[in-house]
Amino acid sequence: MAVPAIEINLGNGSLGFVPQTTDAVVGMILNGVSATSVPLLTAKQVYSLPEVEALGINAAYDTTNNVKVWLHFKEFYDEAGKGSELWFMLCSQAVSLATMCDNAQNFAKKLLDEAQGRIKVLGVVRNPAAAYVPTTTNQIDIDVENALVIGQVLGDAFAAKFTPVRIVLDGFGFTGNATGLVDLRTKTSNRVGVLVGGSVQSKNSIGLLLGRVAKIPVQRNIGRMQDKVLPILSAFVGAGKVTDATATLLHDRGFMSMRPFPRKSGFYFISDPMATAATDDYKSLSLGRVIDKAISIAYDVYVEQLNSEVLLNSAGKMSVAQAKYFELLIENAINFTMTNSEEISAVKATIDTNQNVLQTGKVCIDLQIQPTVVLSFICVNLGFTSSIA
């Protein structure tokens, strides 16, 4: 006979908690030349600049091949820091931005597939051969405009597979004439944005932008001043140095770019617009990252409930208790993962118990996310007064 004792068994898995998502993981696909250990169209995962250089992509690689590939990695790790996860793939210099983004081609699609959903923001970088001449009807290579549409298809396809991704295109071929630039606010590609601005002439610092994305939470705008000055000495848009006037025009046309601030040293990203209307709920990269994280959490929570039994009430509908259980599953998970981290303001799940679950085998859940707000303008009314109350 066993010695008398007390046994306590702890239950687990009832609160709906989910693992932290990989929302800071980013990727790059770039035109380049095969390196020592990086054949073209081969996905690589790295965590530091020395790892990249050990693969044969270093400063000499850029010089020898007349490209800017290593520079993007350097700027990424200058901003994100050692230990940040980065996926990348090189492809031929003949491949356009639009082709890289094509969901029917094995370029960005291959990289995203091999990363198995880890990449949340993808940078697409153009490094054509020296003889390439951009077609700039709207003051930027038409390839960029084509890639907006094709990139949106790619983003939608991966969101449909519950591995959502946002895309930032290299604003290649910008002529420097922001006045005649295409207006991205007239587009409908809310999963795609375009960067015009970089640390060297006629190159756009996609690696630097991804580095900022990798170090900030999903709700944060890349232009938040408290996240400090960018680690670059100069900023260019096209061949010319950035000015307040050009930066304003780029921003007003829906481009991501850089700017200086009066009484502040250095340069900062302006904001994070996507190529869509200002009325679009997902008009910014930060709003898109928030909803993508919620998509991933909702999938992780409810995939566990597939083919499970649901109790019905006397009318043959889902019971109130059962509905409340399904509501709390997602609310607990999102509160634990996002609300408590101040990535969102609140979440509310609602299930209509009049749904005919018995006949359809399907339940619909309304999930509402209240985001945080980005302060784009601060007004100070300043003046003298004869007394202070």
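Reader: What percentage of the contacts in the protein chain with a separation of 6 or more comes from residues 24 or more positions apart?
Author: This is a predicted model: local features need pLDDT of at least 70, side-chain atom pairs count only at pLDDT 80 or more, and totals for chains, interfaces and linings use all residues. Residues are numbered from 1 along each chain as its sequence is written, and side-chain values use heavy atoms, with hydrogens and water left out. Contact means heavy atoms within 4.5 Å. Of the contacts with a separation of 6 or more, the share from residues 24 or more positions apart is 71%.

Reader: How much of the protein chain counts as buried?
Author: Buried means under 20% relative accessible area, exposed over 50%, and partly exposed in between, with a 1.4 Å probe and protein chains only. The chain has 389 residues. The buried share of them is 48%.

Reader: How many helices and strands does the chain have?
Author: Both are DSSP runs numbered from the N terminus: helices are H or I with at least four residues, strands are E with at least two. The C-alpha trace spans about 80 × 75 × 50 Å along its principal axes. The count is 11 helices and 12 strands.

Reader: Why is helix α3 described as largely enclosed by the rest of the structure?
Author: Helix α3 covers residues 70-80. Among its buried residues are Trp 70, His 72, Glu 75 and Glu 79. After α3 comes Gly 81, with a positive phi near 90 degrees. The helix is largely enclosed because its buried residues number 9 of the 11.

Reader: How many residues of helix α7 are buried?
Author: Helix α7 runs over residues 206-215 and is mostly covered. The buried set includes Leu 208, Leu 209, Leu 210 and also Arg 212.

Reader: Which element gives the most to the lining of the largest pocket?
Author: A pocket, on a 1 Å grid over the protein atoms alone, is an open set of points where a 1.4 Å probe fits, with protein on both sides within 12 Å along at least five of seven lines; lining residues have an atom within 4 Å of a point. The largest pocket has a volume of about 1,400 Å³, the space filled by probe spheres set on points joined across faces, edges and corners. Of its 38 lining residues, the closest to the centre are Asn 221, Ser 271, Val 374, Leu 375 and Ser 376. Two elements give two or more residues, α8 (244-252) and α9 (285-302), and the most, 5 residues, come from α8.

Reader: Is Glu 343 buried or exposed?
Author: Glu 343 sits in the loop between α10 (320-339) and β11 (344-350). With a relative accessibility of 7%, Glu 343 is buried.

Reader: Which side chain makes a polar contact of 3.0 Å with Tyr 47?
Author: Tyr 47 lies in the loop between β2 (44-46) and α1 (49-54), and is partly exposed at 32% relative accessible area. A polar contact is a pair of N or O atoms within 3.5 Å; within protein, one must be able to donate a hydrogen and the other to accept it, and residues adjacent in sequence count only if both atoms are side-chain atoms. The partner at 3.0 Å is Gln 45.

Reader: How many disulfides are there?
Author: A disulfide is a pair of cysteine sulfur atoms within 2.5 Å. The sulfur of Cys 91 is too far for a bond, because the closest cysteine sulfur, in Cys 101, is 10.0 Å away. By this rule the number of disulfides is 0.
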